[in-house]
Amino acid sequence: MSELQGLVDTVVSQTAGLPDPATLAHWNPPLSGDIAIHIHADGTWHHEGSPVLREGLVRLFASLLRREADGDYYLVTPREKWRIVVDRHPLLVIDCEYHSRNSMWLALLNTGGRCQIGGSHALHGEGSAAEPFLEVPSGLTAQITRAAWYRLIDAAQQEGDEMVIYSGEERVLLGRV
């Protein structure tokens, strides 16, 4: 293995698969241009029409991704900013798990990242049950897959005509019955 490949593997292994908003906020280079990266509605990443098969590269790219006020998505480094195309949501919630220690629901993303459901990570399900999604850091959203949504629905409590879960101190509305 080359020294460069070892360095890349080390960086990728330490990438959480989610952008760090505090870091990305400090990076404001001018637009470098458009890059032929396209995130399809099914969550697959493509470069120049070919799927990106290395999971580590997808995790790395996801950690550099943000959505800006213009509605476009960018891969950002301290010196470069490349616009990419996103069909619907750039990330997928592939599973949800409850952590009883801190009474919190976590969403597991297709990039390996995890984030709390609720708080600054609002869940949008009511009225969009065909496509519920979660707000994640850096202006991004993650579509909740059917399996992950069913896990939440299974755990939900009915309160009046509402289906809810509790994550941390927050009451999260999933929908109405």
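The following legends describe close-up views of a predicted model.

In this predicted model, local features require pLDDT of at least 70 and side-chain atom pairs pLDDT 80 or more, whereas totals for chains, interfaces and linings use all residues. Residues are numbered from 1 along each chain as its sequence is written, and side-chain values use heavy atoms, with hydrogens and water left out.

**View 1. The stacked aromatic pair of Trp 45 and Phe 61.** Two aromatic pairs are found in a search of the whole structure. Rings of Phe, Tyr and Trp (its six-membered ring) pair if their centres lie within 6.5 Å; planes under 30 degrees apart count as stacked, over 60 as edge-to-face and the rest as tilted. The ring centres of Trp 45 and Phe 61 are 6.2 Å apart and the planes lie at 25 degrees, so this pair is stacked. The pair links distant parts of the chain, 16 residues apart: Trp 45 belongs to strand S2 (residues 45-47) and Phe 61 to helix H3 (residues 55-63). Helices (H or I, at least four residues) and strands (E, at least two) are DSSP runs, numbered from the N terminus. Trp 45 has a relative accessible area of 2% and is buried, while Phe 61, at 21%, is partly exposed. Buried means under 20% relative accessible area, exposed over 50%, and partly exposed in between (1.4 Å probe, protein chains only).

**View 2. The tilted aromatic pair of Tyr 98 and Trp 105.** The two rings lie 5.4 Å centre to centre, with 55 degrees between the planes. Tyr 98 is partly exposed at a relative accessible area of 41%; Trp 105 counts as buried at 8%.

**View 3. Strand S7 and its partners S8 and S12.** Strands pair if DSSP finds at least two bridges between them. S7 (residues 91-99) and S12 (residues 140-144) run parallel and are joined by three bridges, one of which pairs Leu 91 with Ala 142. S7 and S8 (residues 104-109) run antiparallel, joined by six bridges; His 99 has Met 104 as its bridge partner in S8. S7 and S8 form a hairpin with four residues between them, and Ser 103 in the turn has a positive phi of about 50 degrees.

**View 4. Leu 123 in the largest nonpolar core.** A nonpolar core is a set of buried Ala, Val, Leu, Ile, Met, Phe, Trp, Tyr and Cys residues joined through side-chain atoms within 4.5 Å. The largest has 35 residues, of which Val 93, Ile 117, Leu 123, Val 136 and Leu 152 touch the most other members. Leaving aside residues up to four places away in sequence, the contacts of Leu 123 (heavy atoms within 4.5 Å) include Phe 133, Ile 144, Trp 149 and Val 172.
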